[in-house]
Amino acid sequence: MNKPVQIKRDENIDYNIQKYIKPEYVYIPLENKNGVVYKHLVKEGDYIYKGQVVAVNEGINFPIHSSVSGYATMGNNKIIDDGKKVKCIVIKNDFKEKYQKSKLSVKEKYTKQDFIDALRENGITGLGGSDFPTFLKYNIDKPKCLIVNAVECEPFVSCDKVVIHNYSDCILEAIDMIMEIMGIPRAIIGLKENNLDSINSFKKYLGTYPKIKLGFVKDAYPNGWERNLVRELLDIEYDKYPTEQGIIVSNVSTIYAIYEMFKYNRPLTERIITITGTGIKNRRNVKVKIGATISEIIANLDGYNNLKNPIFIAGGPMMGNSLPVDDVIITKDLNAVLVIEDDFEKNLPCIKCGKCIEVCPAGIYPVFIMNNGNNIDKLKELKPGKCIECGLCSFICPSKIEVREFVRMAKVKVSDR
Amino acid sequence: MKKFKVRKGNFLKSKNSTSNMMYNLLICLIPFIIFATYKNGIYPVIKGYGNLYLVFKPLIFVVIASFSCIMVEYLYYLIIRKERKTFNYLFSESFALIPGVFIGLIIPINTPIWLLILGSMIASLSKMLMGGLGKNKLNPALVGSLFITIIFSSFAGGYLNPLELDTISSATPLANMTASSYVLTYDNLVSPYGNLLDFFFGNIPGSIGETSSFLCIIAFIYLVVNKVIKWRIPISYIGTVIIMSLIMCLSKDIGLWFIGFNILSGGLLFGAVFMATDPVTTPISHEGQIIAGILLGLLTMAIRYLTPLPEGVLVSILIVNITTLLINYFSVKLFSKRWIEVGIIIFLLLIVGGFSFVIGSKIHNKEIDDSYKIISKQKDNNTTTYQVSGRGYTGSNSIKLKIVFKEDDIIKIEVIESNETYMKMIFNNDYLEKIISNQDNLDDLDTISGCTYTSKYIKEIVDKTMKDYFE
């Protein structure tokens, strides 16, 4: 197995969470980045309550909720974090935050089935970036271990650290409840070994939870990847999903979302995202409504610095996407926005140094995939489908070639046939 | 709504860059240029074997070779591709001077300047014709120096600077080994040049700047720490040579010094660290790199011991450059069956083992001496006159001596006939008289440096004749 790569940079994290939860319009995209299509359930002109189901993924009966109350309009196309233009339900916010009455009852006790239903009904998805419905993960028999992923290995992104700093007691409480409901014997919170602030935040309250342990990984990329984390903490390998081995891996922000679900029994409508980069005047973590647009939020955060060639990135610097406009919908999986200068060196020819092979966490051969881009038979042998798009090959390449983009293309080519 | 430029890719780049890698390589070569200046210039000049030109010759070689390479690339772009490239581009993006610097260090110091320029041009041309940086299939520096070696072999003079020509026994250690019909004794291979420490620090005849194994090891550590080179290749290359030497040592009862001799001679470490790790022309996958290293070791030893070519490093690296295409092809084919590659490595190691015995059957662990002959033996009162012939440095029967005994002593030794190159030094040193005066303890008599072999063989012939006389 290749060793993860240390990416050094000093980060000054402002642990205060600024709130911006009064967007004028909220957009509910009817397709997500994984290509899942949602069926809309509301008509133009309908009054929509906060927390009302406005669209549903019919395959697994997974709902999307409105994060504000107001009147619906239809048919606007907007881009989401992977740059795809998708059809949206648009809700004009009336700032009343009106809930439907029935939604507000708080449950005292959950059975396992209640819990899984609640996860589904409240639209909890992985907030780490996968946009994978959480209830699917928890729907397994006899889970052995719960791993809470608090590694957050992408540089610049700090929203998980901020959540931990402010809500470590809530997170521990939620983990304890989940363990009791699900009958999970133990839980490990995976952290970077040098992330002392988060470690101390947990240690303050850890004494009362003997079954919850902290587990440490090196400050290296991509140690926040599920597979690396499970290997480092438990020394277990799995084929496709960790649930095969009875392991549930949840992001720490997802756990906090579950905490809020326990407390208020209301759907997931807000999240914390990191807005940073040299192009941003006021770099910080912001609590936002899911469905708001980034442009509105940045405008409320004192706007942009003047850069020569700014680029706008949805996501972290390693895995994020550069987008043509800042008018991007905040989805549940968007954890950061980065505006930086485009001062990247131009690329030289590949000198076949093999460094991309040395760092690839999936153990594939990026350079061969790049050089055999047109030979489908060879591409199939090289299994580009294993790529997790972590971007390490592009990071390490001394010739500054965007190796990952070639692997991505190969991935598409192979899956097309 | 604000518009942004779209950029495909990731947005964080590591600090290491191709130009950094190349600069690190150049930094590592500076000590070699300094060493070359000392060994080929300063030291001989101090000893009175040359003039000031010699001091700067290594540096001049490097500069001329680099300049030729840059000119060729500049002209190639200008004439064939119709692009005018700046010096900065040629230096920091096409790395035009790297082959030149290497050529300046791996050729004989006696190479004529015109040949050096021609060789450098061919090196650069080979790189450009195969598509330029990143696309060349053969290491350009090696192509150039192979060309120079082939042409140069028709010139007289050999590898050496004047000091080496005059004071040491006239050939590189490996050429000397080939000349002495693979008699692998310490006296034969190492003693003429001092001891293994001289080999280690590079105080032996050889190309301009590649003899110092000590500098090579330091450079290797520097390059590995800075992640510049594919370290698996030199490690498996040198490992293979060690294994083969060890098997030869054990099976033929040769001392373990032989391992050191094999690694420290012939510019093997320089080749392993700098030439065999050139990123462009070597395999990419880890298993492929190990396979290439083993092949290199195998080929180098085979060329050294089974062919008349003394120096095998250069040619074996070029051959492995060619097999790189094949190795890379199989790396793709066997991506999901990597155990096959591991199998290939084990298979190759078995071949290495077997091959060591093949080479072992071709070498000797002691002098074969069948050429000693008593031509005539005349007794006259109490004097006995022998006419004997025996092996010399240039071959069997190249020395013919007349030895006269009176009672229990040798009273006269005369050289009747000799093909020896340095017989003059024997007379200059009064060596024959020394043998007569030391005849009771010949073992303690030192050989003459500069004609070590001739003096040693004369001593042996006298020794054998004495044995015959006293029987």
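Modeller: Across the interface of domain 1 and domain 2 of chain B, the rule finds zero salt bridges. Keep in mind that this is a predicted model.

Colleague: What makes domain 1 and domain 2 of chain B count as in contact?

Modeller: Contact means heavy atoms within 4.5 Å. In chain B, 29 residues of domain 1 and 30 residues of domain 2 are in contact. The two domains of chain B bury about 2,600 Å² between them, with 77% of it on carbon and sulfur atoms. Four residue pairs are in polar contact across the interface of domain 1 and domain 2 of chain B.

Colleague: Which helices of chain B supply at least two residues of the side of domain 1 that touches domain 2?

Modeller: Helix 1 (18-46), helix 4 (98-106) and helix 6 (140-152) of chain B. Helix 1 of chain B gives the largest share, 10 residues. By class, this side of domain 1 of chain B has 19 nonpolar, six polar and four charged residues.

Colleague: What does Met248(B) touch, not counting residues up to four places away in sequence?

Modeller: Among the residues it touches are Asp253(B), Phe258(B), Met301(B), Tyr305(B) and Ile363(B).

Colleague: On to the two chains. How many residues does the contact take from chain B and from chain A?

Modeller: It takes 42 residues from chain B and 57 residues from chain A. The area buried between chain B and chain A is about 4,500 Å², and carbon and sulfur atoms give 61% of it. Phe4(B), Phe11(B) and Leu12(B) supply 18% of the area that chain B buries against chain A, more than any other three residues.

Colleague: Why is the pairing of Lys346(A) and Glu93(B) called a salt bridge?

Modeller: The rule asks for a side-chain nitrogen of Lys or Arg within 4 Å of a carboxyl oxygen of Asp or Glu. Lys346(A) and Glu93(B) meet at 3.3 Å, N to O, so the pair is a salt bridge. Across the interface of chain B and chain A, the rule finds seven salt bridges. It also finds 27 residue pairs in polar contact there.

Colleague: Which elements of chain B give two or more residues to the side that touches chain A?

Modeller: Helix 1, helix 15 (286-306) and helix 16 (313-333) of chain B. The largest share, five residues, comes from helix 16 of chain B. By class, that side of chain B has 15 nonpolar, 12 polar and 15 charged residues.

Colleague: Last, chain A. How is it divided into domains?

Modeller: Chain A has domain 1 (23-94 + 269-341), domain 2 (106-264) and domain 3 (355-416). The centres of domain 1 and domain 3 of chain A are separated by 30 Å, taken over C-alpha atoms.

Colleague: How many residues of domain 1 and domain 3 of chain A are in contact?

Modeller: Four residues of domain 1 of chain A are in contact with eight residues of domain 3 of chain A. About 380 Å² is buried between these two domains of chain A, with 48% given by carbon and sulfur atoms. Met318(A), Met319(A) and Asn321(A) supply 95% of the area that domain 1 of chain A buries against domain 3 of chain A. The salt-bridge count between domain 1 and domain 3 of chain A is zero.

Conventions. Residues are numbered from 1 along each chain as its sequence is written. Chains are lettered from A and ligands numbered from 1 in the order in which they are written. This is a predicted model: local features need pLDDT of at least 70, side-chain atom pairs count only at pLDDT 80 or more; totals for chains, interfaces and linings use all residues. Side-chain values use heavy atoms; hydrogens and water are left out. Buried area is the accessible area (1.4 Å probe) that two parts lose on being put together, summed over both. A polar contact is a pair of N or O atoms within 3.5 Å; within protein, one must be able to donate a hydrogen and the other to accept it, and residues adjacent in sequence count only if both atoms are side-chain atoms. Helices (H or I, at least four residues) and strands (E, at least two) are DSSP runs, numbered from the N terminus. Ala, Val, Leu, Ile, Met, Phe, Trp, Tyr, Cys and Pro count as nonpolar, Asp, Glu, Lys and Arg as charged, and the others, Gly among them, as polar. Domain bounds come from an automatic or database domain assignment.
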